[in-house]
Amino acid sequence: MSTPTLVAGVLWLVALWRVPSLRHSRKQRSLALTLVTLAAAMTFEVPQVKEAVDAAAGADARLSPLLKHLLGVTSAAYLLDFVIAVVRPQGLARRTRLVAASVTLPLMLAFYALANWTPGGPVRLGEGRGALFPVLYMTVFTLYIGIAMVVATWLFLGGVRHSRTLLGKAGLGFLGLGTLLGSLYALQRIVFVTIQLASGTSYPALENLLSTTLKQATVLSVAVGVCLPPLSVAVEYVAAWSTLRKLRPLWAQLTEAAPYVVLATSVGRWRVPFRLERCVIEIEDACLALREYVSVDVHAKARRFARQEGVPEQLSEAVAEACWLRVAVHSVRNGERLRGVEYPPLGVTGRDRASELSWLRAVARAYSLPVVALFVLKETSPIPREQGASGRVSSHDN
């Protein structure tokens, strides 16, 4: 299998994967159309396709380069639309971009039709009135591609710092690298054409090597960049599922003691991030409700007990929280709510999202530890009635 065939195949796989997003947002639609037109353009690099198209159109028509270049310009236009939607949602020179694309495509068609193409290559000064049209054709094509790639590179690389995930940053970085290589592709075309027009000297082998290498590197870098952000979504989905699985036992214990915090609306099992968000909210609501069944003194005792039992310092706070929560669950079963006392603080308060999930996972792990069960056993052991009656009222009084 030739390299052009492999590159075109990879692009078509990525393009077909993104085709369903055509019906989604404008950003996703622009990305899907970028990939489809880029894959179609690279298909005309495959020798068998190129030969078949040129044979069908006639050897003098040279149709495959024209189709490839038109699709390349279209792909660059959609890519600009995509990166602007990602990095500059407020828009950027939309009218100018539409005018540029609307002028470039007709000019390319006109210059291509008027050019006196020779078998030697796409840029040759020949005899007669059509001698300059091949140069004009390549100038229009190269300028559009070059300017579009430079602008896209600036936007992609500038947007890296705004991405919130590592894979998102990497995706924008690869897209920026791809458009940078596209800019170098346009630059080398300009350099070789200038040298040929100025001195009459050409380097077809070197030009073809650089042109092919830069095009293929551009395409593969863009393909990788497109795949990484969705991979980031998949990684986040798996992480949410793992966290949800770890929090479910704690959720079950707490919501059994405070069932009124559970929302009635059902959620599909596949909506894992939403289920995790709901689980966290219900755990926190249950903690708020359960703290009315213990005093801050129980929390202080739990912290001292954790230190006495040799619990590592980084786990002691989570263990103390698990201790008073289990005591509260036990008190709920006995119908004993406290009034007129200071309640324990919630360890989850004042944390950002990542720290909040980390804290709840730590509490969930601690909840089933033997040291927590031992504390609950000591704290809930029967005590003389006159010592435990003060400050307690039936839950039916509230």
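User: How many nonpolar, polar and charged residues are in the lining of the largest cavity?

Analyst: One caution to begin with: this is a predicted model. The lining of the largest cavity has eleven nonpolar, seven polar and three charged residues.

User: How is a cavity found at all, and how many cavities of 30 Å³ or more does a search of the whole structure find?

Analyst: The general idea comes first. Rolling a probe the size of a water molecule over the atoms shows where empty space is left. Here, a search of the whole structure turns up two cavities of 30 Å³ or more. The largest cavity has a volume of about 340 Å³. For the second largest cavity, the volume is about 40 Å³.

User: Which residues that line the largest cavity are the closest to its centre?

Analyst: Look for Leu38, Gly72, Ile145, Lys215 and Thr218. They are the closest to the centre of the largest cavity, out of 21 residues that line it.

User: Which helices each supply at least two residues of that lining of the largest cavity?

Analyst: Find helix 2 (26–43), helix 4 (63–87), helix 6 (133–159), helix 7 and helix 8. Helix 4 supplies the largest share of the lining, six residues.

User: Now the other one. Which residues line the second largest cavity?

Analyst: The lining consists of Glu284, Cys287, Glu321, Leu325, Val348, Trp359, Leu360 and Val363. Helix 12 gives the most, with three residues. By class, this lining has six nonpolar, no polar and two charged residues.

User: On to helix packing. At what angle do helix 7 and helix 8 pack, and how far apart are their axes?

Analyst: Again, the general idea first. Two packed helices are described by the angle between their axes and the distance between the axes. Helix 7 covers residues 166–199, and helix 8 covers residues 204–257. Their angle is about 165°, and their axes are 7 Å apart. An angle over 145 degrees counts as roughly antiparallel, so that is how helix 7 and helix 8 are placed. Their crossing is left-handed. In the contact of helix 7 with helix 8 there are 20 nonpolar, ten polar and three charged residues.

User: Are helix 4 and helix 6 roughly parallel or roughly antiparallel?

Analyst: Start with the angle, which is about 25° for helix 4 and helix 6. The axes of this pair are 9 Å apart. Angles under 35 degrees count as roughly parallel, so helix 4 is roughly parallel to helix 6. Helix 4 passes helix 6 in a left-handed crossing. Their contact has 22 nonpolar residues, three polar and no charged.

User: And how do the axes of helix 1 and helix 8 cross?

Analyst: Helix 1 takes in residues 3–18. The axes of helix 1 and helix 8 cross at roughly 30° and come within 10 Å. The two are therefore roughly parallel to each other. Helix 1 passes helix 8 in a left-handed crossing.

User: What about single residues? Is arginine 333 buried or exposed?

Analyst: Over 50% means exposed, and under 20% means buried. Arginine 333 is in helix 11. Arginine 333 has 57% relative accessibility, so this residue counts as exposed. In helix 12 sits alanine 364. Alanine 364 has a relative accessible area of 14%, so this alanine is buried.

User: Where does alanine 93 lie, and which phi value does alanine 93 have?

Analyst: Alanine 93 lies in the loop between helix 4 and helix 5 (94–114). Its phi is near 50°, a positive value in a residue other than glycine. Alanine 93 is partly exposed, with a relative accessible area of 44%. Arginine 88 is found in the loop between helix 4 and helix 5. Arginine 88 is partly exposed, at 25%.

User: How far apart are arginine 88 and glycine 159, in sequence and in space?

Analyst: They are 71 residues apart in sequence. In space, the C-alpha atoms of arginine 88 and glycine 159 are 8.9 Å apart. Arginine 333 and glutamate 256 are 77 residues apart in sequence and 9.9 Å apart in space, C-alpha to C-alpha. Alanine 364 and valine 267 are 97 residues apart along the chain, and their C-alpha atoms are separated by 22 Å.

Definitions and conventions: Residues numbered from 1 in each chain as written. Predicted model: local features only at pLDDT ≥ 70, side-chain atom pairs only at ≥ 80, totals over all residues. Heavy atoms only, no water. Axes fitted to C-alpha atoms, helices over the stretch in contact; angles between N-to-C directions. Helix = DSSP H or I, 4+ residues; strand = E, 2+ residues; numbered from the N terminus. Parallel < 35°, antiparallel > 145°, perpendicular 65-115°, else oblique. Left-handed = near helix turned anticlockwise from the far one by under 90°. Nonpolar A, V, L, I, M, F, W, Y, C, P; charged D, E, K, R; others polar. 1 Å grid on protein atoms, 1.4 Å probe; cavity = no way out; pocket = protein on both sides within 12 Å on 5 of 7 lines; lining within 4 Å. Points joined across faces, edges and corners; volume = space filled by probe spheres on them. Buried < 20%, exposed > 50% of the residue type's maximum accessible area, 1.4 Å probe, protein only.
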